[in-house]
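Hi there,

Here is the structure I promised to pass on. Have a look at it first, and then read my notes below.

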Amino acid sequence: MAAVREFESEIVAKRSVMDDAHLVDLSAPSGLVAAMRPGQFVEVLCRVDGSYDPLLRRPYSLYATDPANDRFTLLVRPYGRGSEWLGQQRPGATLDILGPLGNAFEIRPKSRHLLMVAGGVGAAPLVMLSQRAVARGVAVTYLMGAMDAGSLLPASALPAAVEYLVATEDGSQGHRGYVTELVADYIQWADQIYSCGPEPMFRSLRQVVRQHRVTREPRVWVSVERTMACGLGACLGCVVETRRGMRTSCVDGPVFEMDDLLW
Ligand SMILES: Cc1cc2nc3c(=O)[nH]c(=O)nc-3n(C[C@H](O)[C@H](O)[C@H](O)COP(=O)(O)OP(=O)(O)OC[C@H]3O[C@@H](n4cnc5c(N)ncnc54)[C@H](O)[C@@H]3O)c2cc1C
Ligand code: FES
């Protein structure tokens with residue numbers, strides 16, 4: 001795994017996506033991007049100029065990488081003051097970034113069919129994972145859920161070979177209801193399932209998987225979005241309870257096997 005580095009990064013491009021979010025293309029030191037893996041994240045200093053506020057860095061999953069040009073992309077949606085500040089930064093601005101951090105989604109060598117289940121900005125790490133999977137010739141079905149059509153990732157964000165199905169709570173696009181209502185049809189097909197999104201979505205995913213799975217296969221890997229502080233395993237602010245004991249989501253995670261998590 002790549003060594004964690006603190007580096008200066010320039011915003012090289014920025015475009016709107018998913019309603020109020022942005023895709024932000026960033027520069028990185030030579031060679032660092034090649035070692036970045038899907039599921040990993042970076043911590044971005046989002047301080048308003050001339051102040052120490054917000055004091056702590058904000059975590060962002062890797063959305064895409066471009067090793068040939070030493071660039072990577074983040075998906076940034078405004079929640080509070082740090083993410084709003086970040087979303088307002090323009091091309092040419094310089095950011096202070098720590099990363100890559102955390103573990104990664106792994107594709108087992110024998111896996112041929114992957115199911116991905118995304119909610120909201122949880123779409124980000126699964127975009128990078130789907131790109132890696134398709135490059136390996138693995139079939140991917142990507143399910144995404146959102147409140148409405150405007151909050152969905154456009155199909156053009158995914159490789160053409162990916163089957164993309166969506167669910168919206170208001171029924172404005174795709175299935176009306178929750179994305180987890182689409183999962184049952186794919187459980188026998190999938191060799192592995194990956195998910196990232198809000199915790200209520202994970203609970204509903206766990207329920208549907210347990211109803212339709214005969215053995216422990218297919219295994220389900222989830223990336224948990226716990227609030228983080230140091231990102232380095234020191235402050236214990238991001239611990240999750242697992243069957244193997246308490247684990248930090250910044251170093252031991254953010255990717256955990258769903259059956260290991262106690263919540
Ligand atoms: C591993 C990881 C990967 C992430 N990847 C992405 C990503 O790719 N794109 C993206 O846009 N965001 C991502 N996030 C969430 C992002 O880090 C938060 O939105 C950000 O830290 C909020 O900081 P803030 O200063 O804007 O909000 P604060 O001022 O700290 O909080 C404002 C409000 O937002 C709420 N809030 C804070 N964090 C979250 C959260 N994670 N989920 C829901 N509500 C929250 C708070 O409870 C509060 O009510 C990720 C989080 C983690 C842990
Ligand atoms: S954020 Fe400090 S231990 Fe994980």
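How many nonpolar, polar and charged residues does the shell around ligand 1 have? By class, there are 11 nonpolar, five polar and six charged residues in that shell. The classes work like this: Ala, Val, Leu, Ile, Met, Phe, Trp, Tyr, Cys and Pro are nonpolar, Asp, Glu, Lys and Arg are charged, and the others, Gly among them, are polar.

Before going on, some housekeeping. This is a predicted model, where local features need pLDDT of at least 70 and side-chain atom pairs count only at pLDDT 80 or more, while totals for chains, interfaces and linings use all residues. Residues are numbered from 1 along each chain as its sequence is written, and chains are lettered from A and ligands numbered from 1 in the order in which they are written.

Back to the ligand. Tyr79, Gly80, Gly82, Ser83 and Ala124 come nearest among the 22 residues around ligand 1 (near means that the C-beta atom, placed from the backbone, lies within 6 Å). Strand E4 (58-61), strand E6 (71-76) and helix H1 (81-88) are the elements that give two or more residues to this shell. Helices (H or I, at least four residues) and strands (E, at least two) are DSSP runs, numbered from the N terminus. Ligand 1 lies between domain 1 (5-101) and domain 3 (224-263), because both give residues to its shell.

Strand E3 (residues 41-44) runs antiparallel to E4 and is joined to it by four bridges; valine 42 has tyrosine 60 in E4 as its bridge partner.

Now the overall picture. The protein has three helices and 16 strands, and 42% of its 263 residues count as buried. Its radius of gyration is 18 Å, which agrees with the value near 18 Å for a compact globule of 263 residues (taken over C-alpha atoms; the globule rule is 2.2 Å times the number of residues to the power 0.38).

Besides domains 1 and 3, there is domain 2 (113-219); the bounds come from an automatic or database domain assignment. The centres of domain 2 and domain 3 are 22 Å apart, taken over C-alpha atoms. Six residues from domain 2 and five residues from domain 3 make the contact (C-beta atoms, placed from the backbone, within 7 Å). Helix H3 (residues 199-212) supplies three residues, the largest share of the domain 2 side. That side has one nonpolar, one polar and four charged residues.

Finally, the strands. Seven of them form an open sheet of mixed pairing, in the order E11-E10-E9-E8-E12-E13-E16 (strands pair if DSSP finds at least two bridges between them). Strand E11 (175-176) and strand E16 (255-257) are the edges, each pairing on one side only. E11 runs parallel to strand E10 (residues 163-168), with two bridges joining them, and threonine 168 stands opposite arginine 176.

There is also a hairpin, made by E14 and E15 with two residues between them. Strand E14 (residues 239-242) and strand E15 (residues 245-248) pair antiparallel over four bridges, with valine 239 opposite threonine 248.

Cheers

Note on methods:
A residue is buried if 20 or more other C-beta atoms lie within 10 Å of its own, exposed if 12 or fewer, and partly exposed in between; C-beta atoms are placed from the backbone. Two residues are in contact if their C-beta atoms, placed from the backbone, lie within 7 Å.
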